[in-house]
Structures are given as structure tokens and as C-alpha cells.
Amino acid sequence: QVQLVESGGGLAQAGASLRLSCAVSGRTSYNMGWFRQAPGKEREFVAAISWSTTSLPIYGDSVKGRFTISRDNAKSTVYLQMNTLKPEDTANYYCAASSVLGRDQRQYHYWGQGTQVTVSS
């Protein structure tokens with residue numbers, strides 16, 4: 001069993017930065033992803049990172065070049081550094097664990113409760 005707890009969300013102005021954290025407990029050797037869901041929209045892939053360093057992280061097109069995913073396995077924590085935030089980044093952000101590295105949310109077995117990010121213009 002895996003438990004995921006996100007933190008670090010909040011209110012930010014456009015152009016600012018935020019860093020989200022996802023604390024992982026239980027089995028930690030999963031590939032990890034971040035997804036987001038805005039009101040009235042489908043859940044969207046943001047970024048994913050493999051358990052090991054053998055694969056490069058992958059990103060959604062809307063965040064590529066602005067967001068960076070990383071992980072500290074010693075701390076069992078995954079991070080999402082979000083720079084140059086835009087109002088359209090406003091959403092509830094979820095971390096998730098998967099046995100494969102991918103963009104499809106159906107591949108992810110475990111999910112956190114989410115943390116809200118609101119970006120004002």
C-alpha cells in the first residue's frame with residue numbers, strides 16, 4: 001500500500017513560482033506523476049519521473065520549460081517546481097504512483113488528495 005500527501009499549494013500571482021511536494025509512504029519504488037484538474041475540466045497530465053535515473057522526466061506540453069519534476073528518494077518525496085505561473089495553471093494538483101512511466105492517468109494506481117494552486121493575473 002502507498003500513501004501520498006501533497007503540500008505546497010496556495011495563492012500566487014502570475015509570473016511567480018511555487019514548489020509542490022508529495023510525501024510518499026509505504027512502498028516508495030514507484031514512478032511518480034503529477035496531474036492537475038481545473039473546475040469543469042478533465043484531469044490533465046503535468047509531469048512524471050521514474051524511480052531510477054535511467055529515464056528522463058516527461059512533461060505535458062502546457063508546462064514544458066516552466067515546470068520541473070524531481071524526487072529525493074532518501075526523503076521519499078517528489079517535487080514539482082512551478083515557475084512563471086499563469087492563471088491557466090490554476091487547478092487542484094495531484095501526485096500519483098505508477099509501475100510504469102507514462103502520461104495516462106489510468107496507469108497510476110495510487111493518488112493523493114490534491115493541493116490547490118490558484119494563480120491570479
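Start by selecting Arg 27 and Tyr 30: the charged end of Arg 27 sits over the ring of Tyr 30, 4.1 Å from its centre. Sitting over a ring means that NZ of Lys or CZ of Arg is within 6 Å of the ring centre and within 35 degrees of the ring normal. Before you click on, note that this is a predicted model, where local features need pLDDT of at least 70, side-chain atom pairs count only at pLDDT 80 or more, and totals for chains, interfaces and linings use all residues. Residues are numbered from 1 along each chain as its sequence is written, and side-chain values use heavy atoms, with hydrogens and water left out.

Next, pick Arg 43 and Tyr 94. Arg 43 lies over the face of Tyr 94, 4.4 Å from the ring centre.

Rings of Phe, Tyr and Trp (its six-membered ring) pair if their centres lie within 6.5 Å; planes under 30 degrees apart count as stacked, over 60 as edge-to-face and the rest as tilted. The whole structure has six aromatic pairs. Zoom in on Phe 35 and Tyr 108: their ring centres are 5.0 Å apart and the planes stand at 80 degrees, so this pair is edge-to-face. Phe 35 belongs to strand β4 (residues 31–37) and Tyr 108 to strand β10 (residues 108–111), 73 residues apart; strands are DSSP runs (E, at least two residues), numbered from the N terminus. Phe 35 is buried at 1% relative accessibility, and Tyr 108 is buried too, at 5% (buried is under 20% relative accessible area, with a 1.4 Å probe and protein chains only).

How values were computed
Helices (H or I, at least four residues) and strands (E, at least two) are DSSP runs, numbered from the N terminus. Buried means under 20% relative accessible area, exposed over 50%, partly exposed in between (1.4 Å probe, protein chains only).
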